[in-house]
Amino acid sequence: MNSTAAATSTTTEQQPARAHRGPVARTLAITSGKGGVGKTFVTANLAAALSARGQKVLVLDADLGLANIDVVLNLHPKLTLHDVFTGKCSLDQAILPAPGGFSVLLAGSGMVEYSRLTPDVRDKLLQIVELVKPRFDWVLLDTGAGISDVVLFAISMATDVLVVATPEPTSLTDAYATIKVLCTQQERRHVGLLVNQANRPGEGRVICGQLQQVLQRFVGAMPGQSFKLELLGEVKADPSVRQAVLKRQLMLEHFPGSDAAQSIKALANKLLG
Ligand SMILES: Nc1ncnc2c1ncn2[C@@H]1O[C@H](COP(=O)(O)OP(=O)(O)O)[C@@H](O)[C@H]1O
Ligand SMILES: [Mg+2]
């Protein structure tokens, strides 16, 4: 039996608790143009914040090949997506409990075979996302940076997109380029923005306004089209984020009273809004 078939049959046999009730999960891709802007930090802590609000959350490490959410969560995975893909384990075995009360499906690191989107990887990923959707309220996809076909495919599986950007010009240029690609290739007309490592309060609003203007000019060139970039959050540059990452702990657990933790909770509230 091939791997995804194994995953499918196991899941069906075990009749997951939420398989037949409630709506399917909201799928949110957390992405960016530039790397190192805080996607994984935001994903892990947002998952914890949504869990604290009673939501059932799965984080899927969609940074295939260079996955590292396990590092942030201090998990030492024995089983990953790769093992599901190759039939070494079932999907249920690879869905692990994470600190923060959510579940996580990890990807391996350093596996060059996942740096390109082959039809096989594409089909298996899609099948896995479809299988988990009925079992959770939220599926968060922590993607890699950039606009490679793997990243764009991961985003295409999500109903909602959150672009993380820092105020640096390079990050903003790359965020703009990414959103433009999402507009043209995926016909997205609504994207969320989180400005991370903000230097002063209100910087996110200013940045969002500027990006909205250039995006609207770009999309407005297409007859009858408009675009909405929605500011979903602003997290200030906060040294305790780095400390939490170094300690491999969730910000929400290690420094729950910090500004950054409060901002992530506000993001969760807005998404649940
Ligand atoms: N709000 C913040 N304030 C200070 N440092 C941050 C903040 N967000 C992220 N960082 C730092 O940036 C590093 C990279 O973040 P990470 O989430 O791994 O980025 P990405 O997933 O986008 O590559 C973190 O390890 C942390 O040290
Ligand atoms: Mg990351």
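1. Start with a term. A nonpolar core is a set of buried Ala, Val, Leu, Ile, Met, Phe, Trp, Tyr and Cys residues joined through C-beta atoms within 7 Å. A residue is buried if 20 or more other C-beta atoms lie within 10 Å of its own, exposed if 12 or fewer, and partly exposed in between, with C-beta atoms placed from the backbone.

2. On the source: this is a predicted model, in which local features need pLDDT of at least 70, side-chain atom pairs count only at pLDDT 80 or more, and totals for chains, interfaces and linings use all residues. Residues are numbered from 1 along each chain as its sequence is written, while chains are lettered from A and ligands numbered from 1 in the order in which they are written.

3. The overall build. The chain has 12 helices and 8 strands (DSSP runs numbered from the N terminus: helices are H or I, at least four residues; strands are E, at least two). Its C-alpha trace spans about 50 × 45 × 40 Å along the principal axes. Of its 273 residues, 46% count as buried.

4. The core. In the largest nonpolar core there are 84 residues, of which Leu58, Val59, Val139, Leu140, Leu141, Leu193 and Ile264 touch the most other members. H2 gives the most to this core, with 8 residues. Beyond its neighbours within four places in sequence, Leu58 is in contact with residues including Ile95, Phe102, Val132 and Val139 (contact: C-beta atoms, placed from the backbone, within 7 Å).

5. Helix H2. This helix covers residues 39–52. Of its 14 residues, 13 are buried, so H2 is largely enclosed by the rest of the structure. Just after H2, Gly54 takes a positive phi of about 85 degrees.

6. The ligand. Which residues come nearest to ligand 1? Of the 17 around ligand 1, they are Gly38, Lys39, Thr40, Phe41 and Arg242 (near: C-beta atom, placed from the backbone, within 6 Å). H2, strand S7 (190–198) and helix H10 (239–246) each give two or more residues to this shell. The shell divides into 7 nonpolar, 7 polar and 3 charged residues (nonpolar: Ala, Val, Leu, Ile, Met, Phe, Trp, Tyr, Cys and Pro; charged: Asp, Glu, Lys and Arg; polar: the others, Gly among them).

7. Helix H12. Residues 259–272 form this helix. Its buried residues include Ile264, Lys265 and Leu267. The buried residues of H12 pack against H2, S7, strand S8 (228–236), H10 and helix H11 (251–254).

Notes: The expected span of a helix is 1.5 Å times one less than its number of residues. Two residues are in contact if their C-beta atoms, placed from the backbone, lie within 7 Å.
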